[in-house]
Amino acid sequence: MKVVLLLSGGVDSAVLLAHLKASGDEVIALSVHYGQTHARELQAAIDLAKHYNVDHRIVSLKGVFANSALTGDVEIPEQHAESPDATVVPGRNIVLISLASAIAAAEGAAQVMFGANADDFGGYPDCRHDFVMAMNEAVSRGTGFVAVSAPFQSMTKRQVVDLGRELGVPFGLTWSCYRGGTTPCGRCGACISLKEANFDVLRQ
């Protein structure tokens with residue numbers, strides 16, 4: 001099966017990439033520069049795509065998104081989001097999935113996938129089941145054949161990390177921290193989420 005994967009460079013999308021490759025699927029990886037403060041993740045996506053030898057495309061949407069801690073407008077909270085907070089990027093997954101779906105339709109790919117997991121539901125409305133179902137319905141109707149899914153939606157972050165270890169994911173290539181730089185901060189929501197999943201953000 002040919003799949004367009006939204007590859008952020010973080011742990012979840014890296015594990016999903018490894019899972020797809022292990023299943024023998026053909027992957028087109030799509031990464032988006034949307035002005036994120038942690039644009040360091042784009043280099044991680046490049047490194048992961050090279051490691052798994054997949055077609056990798058990077059699109060710039062700088063200037064499209066605002067009013068989020070992840071685009072530099074406000075302070076990044078130092079907590080794991082259990083309800084929508086300043087790290088929500090309004091409309092991000094709507095736009096990214098639509099872009100991936102257009103590429104899928106042009107390339108004859110049957111699926112668009114992204115790495116949302118069960119721990120994302122509280123903080124991010126565009127990672128929940130009803131959102132994915134709605135996007136799948138819209139994309140299926142708009143293209144006639146492309147489906148949208150988030151295969152890890154029923155898995156916790158810890159389960160995703162455990163699967164990644166089973167698959168031999170090179171976690172040292174990933175970047176999940178919401179801050180840039182060369183070393184994960186260990187304090188933002190993304191770092192805390194990984195720590196809770198028994199993942200040492202400073203040693204992987």
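Predicted model: local features only at pLDDT ≥ 70, side-chain atom pairs only at ≥ 80, totals over all residues.
Trainee: Which residues lie nearest the centre of the largest cavity?

Mentor: The lining of the largest cavity is made up of 40 residues. By class, 18 of these are nonpolar, 15 polar and seven charged. Those nearest the centre are S8, D12, E41, R92 and Y178.

Trainee: Which helix gives the most to the lining of the largest cavity?

Mentor: At least two lining residues each come from α1 (11-22), β2 (26-33), α2 (40-52), α3 (92-107) and α6 (189-196). With four residues, the element that gives the most is α6.

Trainee: Are α1 and α5 oblique or roughly parallel to each other?

Mentor: Helix α5 covers residues 157-167, and its axis comes within 9 Å of that of α1. The two axes cross at roughly 45°. Angles under 35 degrees would count as roughly parallel, and α1 and α5 are therefore oblique.

Trainee: What is the handedness of the crossing of α1 and α5, and which residues of α5 make the contact?

Mentor: α1 passes α5 in a left-handed crossing. On the α1 side the contact is made by V11, D12, V15, A18, H19 and A22. By class, the contact has eight nonpolar, two polar and two charged residues. The α5 residues are K157, V160, V161, L163, G164 and L167.

Trainee: At what angle do α3 and α4 pack?

Mentor: Helix α4 spans residues 129-143, and its axis is 11 Å from that of α3. α3 passes α4 in a right-handed crossing. The packing angle is about 35°.

Trainee: How many charged residues are in the contact of α3 with α4?

Mentor: From α3 the contact takes N93, I94, I97, S98, S101 and A105. From α4 it takes F131, M135, V139 and T143. By class there are six nonpolar and four polar residues, and the number of charged residues is none.

Definitions and conventions
Residues numbered from 1 in each chain as written. Heavy atoms only, no water. 1 Å grid on protein atoms, 1.4 Å probe; cavity = no way out; pocket = protein on both sides within 12 Å on 5 of 7 lines; lining within 4 Å. Nonpolar A, V, L, I, M, F, W, Y, C, P; charged D, E, K, R; others polar. Axes fitted to C-alpha atoms, helices over the stretch in contact; angles between N-to-C directions. Parallel < 35°, antiparallel > 145°, perpendicular 65-115°, else oblique. Left-handed = near helix turned anticlockwise from the far one by under 90°. Contact = heavy atoms within 4.5 Å.
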